[in-house]
Amino acid sequence: TRRQAGLLVFLTVVFFGMATAHTWAGGVIKLGVVTKPGSAQNVCAEKFKELVESRSDYEVKIFHSASLGTETEILQQIQMNSVQMGIITSGPFDVFVPEARVIDYPFLFANSREVDAVLDGPAGQALLKALERARFKGLAFSENGFRHLTNNVRPVHRVEDVKGLKIRVMESVLHKELWRVLGANPTPMGWPIYTELQQGTIDAQENPLWVIWNYKLYEVQKYMTLTGHVYSAHIDVANLQWFHSLAAEDQDMIAQAMKDAAAYQRQWNRDNEADFLAKIKAAGMMVDEAPDLASFRAKAAVLKDLEIYKDPKVQEMLQIFLD
Ligand code: EAX
């Protein structure tokens with residue numbers, strides 16, 4: 001009958017409506033990056049915002065250009081949940097969770113293929129899990145890149161040439177020890193550092209090519225050495241309690257959006273590296289493209305015998321990464 005048919009249509013609509021409509025909790029997600037637009041972190045942050053906002057009712061507010069302070073300070077704000085998420089360089093994490101320093105272990109990765117295999121496999125998962133001790137939910141790894149040395153004093157070809165250089169390092173236990181061991185004079189500082197380089201408070205710094213390009217470090221640094229001494233990831237994190245307070249579907253949507261954004265951003269970084277190098281050279285920097293890396297490796301090797309790697313949790317994580 002018509003009545004039965006009508007009822008069937010009605011029930012069908014109700015059924016499919018219930019099965020497909022998801023009511024997003026919605027709300028504003030504050031996300032912090034220390035860098036300015038055009039930077040690797042920002043490429044990932046903007047992609048994440050676009051994906052989340054197109055897939056849900058959430059709004060992502062990006063705080064960038066050091067408006068929340070240094071990366072260490074952003075991490076503290078994430079711990080307090082005054083900021084929910086961040087895309088933060090792996091270096092500064094080791095103050096919060098010592099195991100994080102295995103990513104930045106010198107000369108650990110030969111190339112991007114090795115990076116992806118390790119970070120996207122069980123080792124990466126184990127590291128993200130360890131961050132929960134510091135109340136961070138680790139969602140994905142995006143990429144800062146392989147770090148290279150620049151300075152304003154002399155061409156650096158072998159490790160002996162870094163002797164005594166006043167070098168800015170990240171607010172990371174590992175990075176400070178690394179440059180001390182290599183013979184330089186390291187000072188931990190937050191980002192950015194253009195003024196300090198310009199005024200000569202420091203002679204040197206180390207960062208991936210996009211940083212040297214995007215922050216115009218070629219204006220204040222004469223020499224670059226393609227050391228690639230450390231691979232620098234971004235660890236894309238959320239406040240753990242906040243994340244777990246969300247509905248399961250919302251957690252999945254956010255985690256997936258960050259994974260997608262990170263994959264997109266890693267590709268962006270790799271596609272542009274050669275171009276960044278060409279632009280840096282064209283801007284007038286003197287670049288040593290084939291330094292004596294064996295000399296750097298030999299000196300860096302003592303790191304694993306130092307106190308900062310003796311922690312059994314760090315040893316264990318390093319084994320997982322090396323396997
Ligand atoms: O992400 O502090 C650093 O050296 C970082 O690599 C920089 O902020 C770019």
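User: What makes the shell around the ligand divide into nonpolar, polar and charged residues as it does?

Analyst: In this predicted model, the ligand is surrounded by V34, T35, T89, N144, M170, W191, N207, V211 and S232. Val, Met and Trp count as nonpolar, whereas Asp, Glu, Lys and Arg are the charged types. The shell therefore divides into four nonpolar, five polar and no charged residues.

User: Why is N81 called partly exposed?

Analyst: N81 has 16 other C-beta atoms within 10 Å. Buried would need 20 or more, and exposed 12 or fewer. The value for N81 lies in between, so N81 is partly exposed.

User: How do you know whether F107 counts as buried, exposed or partly exposed?

Analyst: By its neighbours: F107 has 15 C-beta neighbours inside 10 Å. That falls between the limits of 12 and 20, so F107 counts as partly exposed. F107 sits in the loop between strand 3 and helix 4 (112–119), and its phi, near 55°, is also positive.

User: What is the peptide bond from W191 to P192, cis or trans?

Analyst: The bond is cis, with omega near 5°. Most peptide bonds are trans. P192 lies in the loop between strand 6 (185–188) and helix 7 (194–199), and W191 is one of the residues surrounding the ligand.

Note on methods:
Residues numbered from 1 in each chain as written. Predicted model: local features only at pLDDT ≥ 70, side-chain atom pairs only at ≥ 80, totals over all residues. Helix = DSSP H or I, 4+ residues; strand = E, 2+ residues; numbered from the N terminus. Near = placed C-beta within 6 Å.
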